[in-house]
Amino acid sequence: MSPLAALLIRDMRIAVRVGGGALMGVLFFLVVVTLVPFAVGPDLALLKRIGPAILWLAALLASLLALDRLFAADHEDGSLDLILMSHAPLELVVAVKGVAHWLTTGLPLILAAPLSGLFLNLDAPAEAALVLTLLVGTPALTFIGLIGAAIAVALRRGGLLLAVIVLPLTVPVLIFGVAAANAAVVGPVPFGTPFTVLCALTLASLVVGPFAAAAALRQEME
Amino acid sequence: MRLSAVDLACHRGGRDVFVGLSFAVASGEAMAITGRNGAGKSSLLRTIVGLVRITHGQLALEGGDPELTIAEQAHYLGHQDALKPSLSVAENLRFWVGFLGARAVDIQPSLDAVGLDELADLPAAYLSAGQRRRLSIARLLAVKRPIWLLDEPTSTLDASAQQRLAGFMRTHLAEGGLILAASHGSIGLDGAQELRLGQATPSPLAASAPSPLVGEGWGGGSESGAIASTGAIRLTTPTTNPSPQRGGGERKTS
């Protein structure tokens, strides 16, 4: 088994075991989305209009939830030392950890999104568009989050710092994700325009995230 | 194979951890690194594997694989055991074997050797400190690497496990490996050379702030003041949050 495959399997195993972040993220997502109709009230037109934004906000917060432990846990138990010593390039290691995190927290959110869309009065085409935007956009959230996770690795309460660092960086993803979903629900902009920008943001973050996070980790471990 | 250092220095956190260090360890040889707390034993091992940057001097490995760095040919057994509590004993070991690049290794003999074969399916969270250390040692046995860097390997082991570890080390040396072990006591190997750290001049900290505790028990040294105070905190209260108790503890000891 190659080192990176071993790491992917291990991280996914840890995430789905007791104390892992996988179930926590999706439950948090569902709770936040469920609370909104109670807070807003049964105004179906309003819910439909703000639905994509609510789902996107909940997905953003849920995908940050377990992110602060991504490198901090490995740092605390000494695994990160051995990972830094290894032959595998740190950028790829970081990317693999990001992929494992997305598969265990991002993907379940996307699977749960159609269900929670029902609470927000979204019809089938709108839900399909929303799921598509989340599928394309949530990897960007994870990979931008990697940078914050790497910066906060040696801090005791890294989670708070992580949110402060990462949330501003995710604003473009949020804007174009919600814009694309809204375009499909209410128009008038064609779906393709914001969606293409969202794809571009994700591709850029897939490249920049691992390099920035690896640089932060190297700096931090000195 | 020969690992040698010439005039090695390490500067961390605004002070010299060690300076002017020279040593050489060849295949089949072991070196015990001794010295008081804070003398730089762990820093030296971390410097060798590249986790701490070398400030000055040279570190060279002759006769190793030229394609690989020293770290990639070394096992580092640090203070932490690098285990995930939610994974089982076998899963933890299998991960490290896979990650360290060994192909199709049967982990069973290594688990047998450290006496954890019966616990292979137990989550690592349930292991005692000594068992956790034994599981980390199993990593050294499962993946063959010529250089072993051990940071106080015997610290949590009972007498029989210490003897077993000494046996593993003798086998490793007989197979042409080399071992550097930081230790306070004996590492259980005859004929190991010793590198004493911390013979340097006392630091300004110890000279300018002589507290009774530093003077009596802990010996002069650059980090001794810090160690003494954290030791006092740990004696009186296990929590780390500042509380009136902590202040009391410090008063009592100084």
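This report describes a helix pair, a loop residue, a chain contact and a sheet in a predicted model.

**Two helices of chain A**

Helix 6 of chain A covers residues 90-119, and helix 7 of chain A covers residues 124-151. The crossing of helix 6 of chain A past helix 7 of chain A is right-handed.

On the side of helix 6 of chain A, the residues that meet helix 7 include A:V94, A:G98, A:W102, A:L109 and A:P114. Helix 7 of chain A contributes, among others, A:E127, A:L130, A:T138, A:P139 and A:F143. Sorted by class, this contact holds 13 nonpolar, 6 polar and 1 charged residues.

**A loop residue of chain A**

A:P42 sits in the loop that lies between helix 2 (22-40) and helix 3 (44-65) of chain A. Is A:P42 buried or exposed? A:P42 has 9 other C-beta atoms within 10 Å, so A:P42 is exposed. The C-alpha atom of A:P42 is 9.9 Å from that of A:F119, although 77 residues separate the two along the chain.

**Where chain A touches chain B**

Chain A gives 22 residues to the contact, and chain B gives 21 residues. On the side of chain A that touches chain B, helix 1 (3-16) and helix 5 (79-85) each supply at least two residues. Helix 1 of chain A gives the most to that side, with 6 residues. The residues of this side of chain A divide into 10 nonpolar, 6 polar and 6 charged.

The two contacts are set out by class below.

| Helix 6 of chain A with helix 7 of chain A | 13 residues | 6 residues | 1 residue |

In chain B, 3 strands form an open sheet with antiparallel pairing, in the order 2-1-4. Strand 2 (15-26) and strand 4 (56-62) of chain B stand at the edges with a single partner strand each, so one side of each has no neighbour in the sheet. On average, neighbouring strands of this sheet are turned by 15° against each other, direction ignored.

Strand 1 (residues 2-12) of chain B runs antiparallel to strand 4 of chain B, and 6 bridges join them. B:L3 stands opposite B:L61, which lies in strand 4 of chain B.

Methods. Residues numbered from 1 in each chain as written. Chains lettered and ligands numbered in written order. Predicted model: local features only at pLDDT ≥ 70, side-chain atom pairs only at ≥ 80, totals over all residues. Axes fitted to C-alpha atoms, helices over the stretch in contact; angles between N-to-C directions. Helix = DSSP H or I, 4+ residues; strand = E, 2+ residues; numbered from the N terminus. Left-handed = near helix turned anticlockwise from the far one by under 90°. Contact = placed C-beta atoms within 7 Å. Nonpolar A, V, L, I, M, F, W, Y, C, P; charged D, E, K, R; others polar. Buried ≥ 20, exposed ≤ 12 C-beta atoms within 10 Å, placed from the backbone. Pairing = 2+ DSSP bridges.
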